[in-house]
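Dear colleague,

I am passing on the model we talked about, and below it you will find my notes on what came out of the analysis. Please read them alongside the coordinates.

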Amino acid sequence: DLWEEYAIDQEINDRGVRIDGVLVQNAIAMDTEIKEELKTKMQELTALENPNSVSQLSGWLADNGVETDSLGKKQVKALMEEVPEEIREVLRLRQQLAKSSVKKYQAMKNAACSDGRARGMFMFYGANRTGRFSGRLIQMQNLPQNHLPDLAEARALVRQGNLEAVKMLYGDVPDTLSQLIRTAFIPREGARFYVADFSAIEARVLSWIAGEEWRMEVFASGGDIYCATASRMFGVPVVKHGENGELRQKGKQAELSCGYGGSVGALKAMGALELGMKEEELKPLVDSWRSANPNIVRLWGEIERAAIHVIKTKEPQQVKCLRFTYQSGFLFIYLPSGRKLAYVKPRLGENQFGGTSITYEGVGGTKKWERLESFGGKLTENVIQAISRDILCYAMRTLRCCSIVMHVHDELIIEADPRVSLEAICEQMGRTPPWTPGLVLRADGFTSDFYMKD
């Protein structure tokens with residue numbers, strides 16, 4: 001199976017995807033021009049030689065009574081709320097100048113072959129823990145989102161090279177160019193893009209393995225998991241854009257942060273405070289999510305105990321549809337698909353809370369080979385993401401006869417004749433693999449003349 005998946009990956013990489021050369025060329029030209037303008041404006045306001053330099057700008061801010069240890073996006077955004085207008089204007093210009101995502105256009109220009117298609121953008125088994133794909137050249141995995149309501153119009157203006165109109169209508173040019181990055185991918189002449197993605201796949205797989213029945217029922221009935229979670233957490237009905245609709249956001253935050261053992265820190269990392277939640281409501285939010293999902297909480301513990309038992313005794317263990325074994329210095333976790341996750345030279349240690357921790361060797365955040373620490377929630381996350389990856393690969397095999405040009409996380413982008421049925425593609429993609437009996441899958445999609453997030 002892995003060899004077949006690898007062959008499909010090579011087909012997709014060789015097929016490539018068409019780049020809109022006119023859009024790319026004009027976006028680069030606009031970006032260069034606007035950056036010069038912004039830099040000049042900043043020089044006038046600060047009298048600095050290079051206002052783009054972090055040390056020079058930090059010095060200027062300190063001279064003006066603003067102390068900061070970082071000029072990162074989040075820190076600058078927070079600073080802007082508490083400084084006088086003239087300093088805020090400098091920081092606003094700094095944010096626009098620092099939009100690094102526009103570099104993607106340059107990457108596209110460099111990656112396009114003589115026929116205008118970019119190839120070789122996906123790396124098979126790029127994530128060595130879960131086996132998920134990673135990106136190369138243009139890095140499809142971290143494209144900026146698009147929120148412009150009139151995306152096609154903005155795109156047309158950039159294609160025409162009409163900088164004045166973009167300035168007048170959208171104000172922030174670097175941000176507009178950033179939102180248009182996805183739209184630089186276009187189908188071949190006479191074809192359209194069919195973009196289909198799995199709906200809440202990780203939440204579905206997690207509920208299925210843990211046996212969290214109420215969640216499975218929500219998915220089976222086509223309900224909204226964030227509303228259902230909020231309803232269960234707060235004990236009131238929650239309807240999207242309706243009754244108690246404001247609680248849906250809290251349900252979503254908890255859902256995205258707490259599924260793998262995350263607590264207050266995970267909620268903060270997901271931006272709960274920026275969304276207006278208060279520090280004191282975060283812990284109760286975590287507690288109510290956990291009490292609403294007892295089987296998922298139990299699963300983290302079962303997975304952790306199984307891994308510890310196998311490392312300690314070298315005897316195999318079974319948790320639901322997962323099998324844990326120890327062979328030749330590796331801890332293996334066998335997935336329902338038959339593929340296995342490998343942890344090198346596993347050992348038991350002590351974590352910061354005085355409990356037993358699981359460590360193994362691998363490439364960490366420093367990009368160096370080192371000893372990494374794990375726990376039940378983290379192992380659960382690895383397993384769920386790995387199974388989700390296997391389901392995506394199963395869908396890629398099902399739709400092999402269609403021209404898949406890109407895939408991002410849980411989404412497939414197919415280049416096809418406009419007469420092809422979107423419904424048929426989504427139906428095929430949502431078919432459940434034989435090794436996940438009882439799992440409820442669903443794929444939704446749309447068609448477009450350029451790539452975007454719906």
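With which residue does Glu4 form a salt bridge, and how far apart are the closest N and O atoms? The partner is Arg400, and the closest N and O atoms are 3.4 Å apart, where a salt bridge is a side-chain nitrogen of Lys or Arg within 4 Å of a carboxyl oxygen of Asp or Glu.

Before going further, some conventions: this is a predicted model, in which local features need pLDDT of at least 70 and side-chain atom pairs count only at pLDDT 80 or more, while totals for chains, interfaces and linings use all residues. Residues are numbered from 1 along each chain as its sequence is written, and side-chain values use heavy atoms, with hydrogens and water left out. Helices (H or I, at least four residues) and strands (E, at least two) are DSSP runs, numbered from the N terminus.

Salt bridges

Glu4 lies in helix H1 (residues 2-15), whereas Arg400 sits in the loop between helix H17 (376-398) and strand E13 (403-408), so the pair ties together parts that are 396 residues apart in sequence. Glu4 counts as partly exposed at 32% relative accessibility, and Arg400 also falls in the partly exposed class, at 28%; here buried means under 20% relative accessible area, exposed over 50%, and partly exposed in between, with a 1.4 Å probe and protein chains only.

A further salt bridge joins the side chains of Arg397 and Glu5, at 3.3 Å from N to O. This pair links distant parts of the chain, with Arg397 in helix H17 and Glu5 in helix H1, 392 residues apart. Glu5 is buried, at 8% relative accessibility. Glu4, Glu5, Arg397 and Arg400 are among the residues linked in a network of salt bridges, which also includes Asp1, Glu11, Arg339, Arg389 and Asp390.

Elsewhere, the side chains of Arg192 and Asp449 meet in a salt bridge with an N to O distance of 3.0 Å. Arg192 belongs to strand E6 (residues 192-198) and Asp449 to the segment after strand E15 (443-448), so this pair ties together parts that are 257 residues apart in sequence. Arg192 is partly exposed at 24% relative accessibility, and Asp449 is partly exposed with a relative accessible area of 46%. By the rule given above, the count comes to 30 salt bridges.

Helix packing

Two packed helices are described by the angle between their axes and the distance between the axes. Axes are lines fitted to C-alpha atoms, for helices over the stretch in contact, and angles run from 0 to 180 degrees between N-to-C directions.

The axes of helix H7 (residues 151-160) and helix H8 (residues 163-170) come within 8 Å and cross at roughly 150°. That makes H7 roughly antiparallel to H8, a term used for angles over 145 degrees. The contact (heavy atoms within 4.5 Å) is made by Glu153, Ala154, Leu157 and Val158 of H7 together with Ala165, Val166, Leu169 and Tyr170 of H8.

H8 also meets helix H2 (residues 21-46), the two axes coming within 11 Å and crossing at roughly 65°. On the H2 side the residues are Met30, Glu33, Ile34 and Glu37, and they meet Leu163, Val166 and Lys167 in H8.

In helix H15 (residues 279-292), the buried residues are Leu282, Leu285, Val286, Ser288, Trp289 and Ala292. These buried residues pack against helix H11 (213-220), helix H12 (225-234), helix H13 (248-258), helix H14 (264-269) and helix H16 (294-313).

Individual residues

Trp435 is placed in the loop between helix H18 (422-429) and E15. Leaving aside its neighbours within four places in sequence, Trp435 is in contact with Trp208, Pro336, Ser337, Ile387, Asp390 and Ile391.

Most residues other than glycine have a negative phi, and most peptide bonds are trans. Gln139, in the loop between strand E4 (134-135) and H7, has a positive phi near 55°, and Gln139 is partly exposed at 32% relative accessibility. Ala200, in the loop between E6 and helix H10 (201-210), has a positive phi near 45°, and Ala200 is partly exposed at 29% relative accessibility.

How values were computed. Angles under 35 degrees count as roughly parallel, over 145 as roughly antiparallel, 65 to 115 as roughly perpendicular and the rest as oblique.
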